[in-house]
Amino acid sequence: MIVRSARFLDLEMPQSYFGSWLTSVPHFFVRNHMHEPSTWEAAEWRLNIGGEVQNQLSLSLVDLGKMAPHTVTNTLECAGNGRAFQIPKVPGVQWQRGAVGTARFQGARLRDLLLRAGLKSGGKHVTFRGLDEVPGKVPPFVRSVPIEKAMHEDTLIALRMNGAPLTRHHGYPARALVPGWIGAASCKWLTEIQVSDKEYEGNFMKPGYRMPNEIIVPGGEVNPENTHSITSLGVKSVIAQPTDNSSSSREVTIRGAAWAGEANITRVDISIDSGRSWRPARLAAERARYCWRLWEYVWQAPSAGEYTIMSRATDDQGRTQPQTAAWNPSGYLYNAIDQVKIHVHS
Amino acid sequence: MSTLRSGRVALLLCLNAAVVGHAQSLDLPAGRIQAKVQTACTECHDASIIRQQRLSEKSWTKEVDKMIKWGALVDPSDRAAFVEYLSASFPPNKPPDPTVRIGRSKTR
């Protein structure tokens with residue numbers, strides 16, 4: 001794993017692991033905003049549900065385990081994935097391509113918990129709070145999702161990942177799983193759910209994790225009042241092989257992954273001539289809603305030399321990866337057409 | 001006792017030790033106020049998160065002010081020197097640091 005930060009732990013998946021449709025847990029990226037919880041008793045751990053509900057609930061891990069399990073396979077991507085490619089540079093973890101992974105999550109539907117608690121009519125947003133340990137005066141990592149997404153049948157309180165209990169780095173004992181949305185929505189080490197009449201107003205909802213409502217000149221200022229909360233991921237592809245500045249024989253196997261949040265990838269195209277012409281890549285058979293499609297294209301280089309390979313994804317909402325990502329001061333949702341330079345030898 | 005099983009605890013400790021071992025070799029570069037910056041910043045997070053930034057003086061000023069607001073202990077008389085040091089050490093045109101990895105990378 002690529003260590004972007006050891007404290008707080010931020011680990012990026014190397015490009016070579018894009019070859020598997022399901023990402024193994026040890027290779028699944030880790031994004032921590034705070035210290036991981038240091039100590040707690042599983043027997044005493046509770047998930048408390050309150051706010052705009054008829055009955056406050058306090059559930060144990062055993063209680064959650066008894067609820068009807070639901071499984072969702074989901075491509076989870078950090079909103080800052082690709083931030084390192086923003087020009088001009090922006091502050092934050094300098095993720096390149098690998099703050100993303102696909103895993104099978106299992107747990108109780110959040111909807112079932114909220115229905116058991118009895119939603120009041122004033123409940124419009126659902127706020128997640130975890131056991132992250134906050135240093136200094138840093139605001140707590142607390143975030144909310146609108147009630148419509150919270151009540152969606154695929155939004156989970158996940159206890160398991162790829163068939164095993166969540167690891168500590170991925171939120172043990174329980175995390176939210178908000179499929180198709182930025183990773184920050186899926187809060188880890190979950191301990192409290194509050195239903196409220198408005199979006200949570202903490203730092204990680206505003207000014208954090210927001211996009212400008214208008215196109216910003218790169219490097220320009222943004223009025224915080226003229227922004228919106230980021231929800232679903234954009235359309236994006238990355239080239240996993242060959243890697244940038246690598247060498248290849250004249251037969252070049254180009255592989256990668258493409259995803260589109262709540263939408264579905266319909267095609268990935270490859271260009272070897274700076275975008276003047278595009279040729280369709282073959283999409284692999286494995287697919288599921290919220291999940292990336294792996295793709296491949298085999299190209300015969302006409303001669304030895306230097307080449308730039310580009311990949312461009314399109315989804316069923318008609319969105320296509322742009323030539324240039326929308327610049328924003330935190331480098332969120334970078335999704336420009338991916339490209340790598342290679343040297344082809346004879 | 002934490003409920004984490006002993007095997008998983010051992011694995012996590014090994015991972016954390018490996019990560020910390022790599023990252024702690026990445027101190028901040030020499031400079032007039034390096035020691036104060038190192039102390040103020042690494043109380044909460046390691047130096048690698050600073051070393052990977054490539055920011056203008058204007059952006060470093062915002063970052064320093066944000067961190068002071070969030071509890072970094074910076075004497076007000078040192079604030080400008082912090083910004084100057086960080087801007088000089090990690091400007092936009094500086095090449096990125098080498099990538100640090102743990103574990104084995106699969107090859108195809």
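This is a predicted model: local features need pLDDT of at least 70, side-chain atom pairs count only at pLDDT 80 or more; totals for chains, interfaces and linings use all residues.
Residues are numbered from 1 along each chain as its sequence is written, chains are lettered from A and ligands numbered from 1 in the order in which they are written, and side-chain values use heavy atoms, with hydrogens and water left out.

**Chain B**

Select chain B and colour by secondary structure: the chain has 5 helices and 0 strands, where helices (H or I, at least four residues) and strands (E, at least two) are DSSP runs numbered from the N terminus. Of its 108 residues, 40% count as buried, a class set at under 20% relative accessible area, with exposed meaning over 50% and partly exposed in between (1.4 Å probe, protein chains only). Next, pick B:Pro92 in the segment after helix H5 (79–89); this proline is partly exposed, with a relative accessible area of 45%. Beyond the neighbours within four places in sequence, B:Pro92 is in contact (heavy atoms within 4.5 Å) with B:Arg54, B:Leu55 and B:Ser56.

**Helix H2 of chain A**

Move to residues 110–117 of chain A, which form helix H2, and show the side chains of A:Leu110, A:Leu113, A:Leu114 and A:Ala117, which are buried. These residues lie on the same side of H2(A), because they cover an arc of only 95° around the axis, the arc being that of the directions from the helix axis to the C-beta atoms. Just after this helix, A:Gly118 takes a positive phi of about 85°.

**Two buried polar residues**

Select A:Ser237 in strand S16 (residues 236–241) of chain A, which counts as buried because its relative accessibility is 1%. Its side chain makes polar contacts with the side chains of A:Ser311 at 2.8 Å and A:Gln321 at 2.6 Å. A polar contact is here a pair of N or O atoms within 3.5 Å; within protein, one must be able to donate a hydrogen and the other to accept it, and residues adjacent in sequence count only if both atoms are side-chain atoms.

Then go to A:Thr23, in the loop between strand S2 (9–12) and strand S3 (30–31), which is likewise buried, at 2% relative accessibility. With neighbours within four places in sequence set aside, the contacts of A:Thr23 include A:Met13, A:Phe28 and A:Trp292.

**Backbone stops in chain A**

Most residues other than glycine have a negative phi, and most peptide bonds are trans. Against that background, centre on the cis peptide bond from A:Ile87 to A:Pro88, with omega near -5°, and then on the cis bond joining A:Tyr172 and A:Pro173, where omega is about 10°. A:Pro88 is in the loop between strand S6 (69–77) and strand S7 (100–109), while A:Pro173 is in the loop between strand S11 (164–165) and strand S12 (175–177).

Two residues other than glycine with positive phi can be selected next: A:Tyr209, with phi near 55°, and A:Asn245, with phi of about 65°. A:Tyr209 is buried, with a relative accessible area of 6%, whereas A:Asn245 is exposed, at 62%. The loop holding A:Tyr209 runs between strand S13 (190–196) and strand S14 (210–212), and that of A:Asn245 between S16 and strand S17 (246–248).
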